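Then follow the contacts that join the pieces.

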Amino acid sequence: MTKPVKMPLADRINSLPPYLFEAIDRMKQETLSAGVDLIDVSIGDPDMPTPSHIVERMKAAVENPENHRYPSSAGMLSYRRAVSGWYRQRFGVSLEPETEVLSLIGSKEAVAHFPLAFINPGDTVLYTSPGYPVYPVGPLFAGGQTHALPLTADNGFLPDLESIPQDVLGKAKLFFFNYPNNPTTACATREFFDEVVEFASRNNIIACHDAAYSEIYFDGKKPLSFLEVDGAKDVGIELHSLSKTYNMTGWRLGFAAGSKEIIAGLAKIKSNMDSGVFQAVQEAGIAALETDDSVLAEIRNTYQERRDALAEGLTSLGLEFSLPEASFYIWTKAPAGHTSSSFVELLLKKAGILATPGNGFGDAGEGYVRFALTVSVERVREAAERMKEVL
Ligand SMILES: *Cc1c(COP(=O)(O)O)cnc(C)c1O
């Protein structure tokens, strides 16, 4: 008989916190198998389909044998040109497609891989918290340390860069921040981005802005790009994803833009680890980046209608939140006497609603839950009705 291999997982895996959405998925499966009519507002995955002109471009691109071969790791020049054109049009920022733009297999992989390019054991990575759960993962894989900067209602969900202890600053090499913010929905001011540029330059820290929600905004208030502010291209990069903007989470496409030297570092890691994005997906990405604004306006209106319906329900229940100007979430304070987890459990067991506990995004998220606006407005209203019966 062959003796089976018994191998413990590597320390870097054992040091990770449990991935938030795995636990939520388990709760979801349990509830569904009990036959509950579940309203799932837990995960930020758009329920609307990818716009049809993008799907059509993909169909044609799949037929082209030139697209069946290995793509370049950096991305097709035509895709990077489309990104550069999009930046110019949307933000008035000019980018050199050859050196200042890089294709990504979605922005999650870049968040996870980026620290490998610049972090040595002993180095520290700063990140805003509550936040996207992947920010602390890449640094740990690289053997580095992390330091969370709390986002609270008191600081308007913008980190207090002045409060970072000097010994942490001395070791800090990289700073992840994300606006419009998931999960708090806060938007950055120009003053804050200016402050980040000054902070990064003074302390020699790479600024990495995750802008996954820059195009999901309400009431016509367009969020800023970090690269719009003076000096940003000297200190950092910005990560974008086509996932949320164009309902393309399954396609795996994004891009990084900014400082040539920093982009080159990320490109070095990526060229050693992956072989780029399927060219047909990049061609579809070009079609996405050229989407008529009326298509996007319709998507935004749909989210805005849902936001307003949920906001009305939460207000009538006396729950505390600030009305989001962007993203597709509502970051809501749990009612008095509840923790994040106890409120999520109550909603699941008594109302058949699955929300995300705020503490899953980091300690500073304790006391909050996140509702995603990724179900129809009818289901949002139904969720509000069910909550009324429970609270
Ligand atoms: C969804 C999300 C991402 C990752 O999106 P990809 O699908 O990997 O491009 C990155 N950051 C934040 C804050 C997100 O919410």
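The centres of domain 1 and domain 2 lie 25 Å apart, taken over C-alpha atoms. Domain 1 covers 11-49 + 294-390, and domain 2 covers 52-289. These bounds come from an automatic or database domain assignment. The model is predicted: local features need pLDDT of at least 70, side-chain atom pairs count only at pLDDT 80 or more, and totals for chains, interfaces and linings use all residues. Residues are numbered from 1 along each chain as its sequence is written, and side-chain values use heavy atoms, with hydrogens and water left out.

How many residues does each domain bring to the contact? Domain 1 gives 33 residues and domain 2 gives 34 residues, where contact means heavy atoms within 4.5 Å. The size of an interface is often given as the accessible area lost when the parts come together. Here domain 1 and domain 2 bury about 3,000 Å² between them. Of this area, 62% is on carbon and sulfur atoms. Buried area is the accessible area (1.4 Å probe) that two parts lose on being put together, summed over both.

Domain 1 and domain 2 share two salt bridges, each a side-chain nitrogen of Lys or Arg within 4 Å of a carboxyl oxygen of Asp or Glu. Glu325 forms a salt bridge with Lys221, with the closest N and O atoms 3.8 Å apart.

Which elements give two or more residues to the side of domain 1 that touches domain 2? They are α1 (11-14), α14 (293-316), β9 (329-333) and β12 (368-372). Helices (H or I, at least four residues) and strands (E, at least two) are DSSP runs, numbered from the N terminus. The largest share, six residues, comes from α14. This side of domain 1 divides into 19 nonpolar, seven polar and seven charged residues. Ala, Val, Leu, Ile, Met, Phe, Trp, Tyr, Cys and Pro count as nonpolar, Asp, Glu, Lys and Arg as charged, and the others, Gly among them, as polar.

Both β9 and β12 belong to an open sheet of three strands, in the order β9-β12-β11 with antiparallel pairing. β9 and β11 (356-357) stand at the edges with a single partner strand each, so one side of each has no neighbour in the sheet. Two strands pair if DSSP finds at least two bridges between them. β11 and β12 pair over two bridges. Pro357 has Val369 in β12 as its bridge partner.

Helix α14 also takes part in a salt bridge. Arg306 pairs with Asp47, the closest N and O atoms being 2.9 Å apart. Arg306 lies in α14 and Asp47 in the loop between β1 (39-40) and α3 (52-63), so the pair ties together parts 259 residues apart in sequence. The whole structure holds 21 salt bridges.

Now the backbone. Most residues other than glycine have a negative phi, and most peptide bonds are trans. Tyr179 and Pro180 are joined by a cis peptide bond, with omega about -10°. The bond from Asn182 to Pro183 is also cis, with omega near 10°. Pro180 is in the loop between β5 (172-178) and α9 (190-203), and Pro183 lies in the loop between β5 and α9. Asp219, not a glycine, has a positive phi of about 55°.
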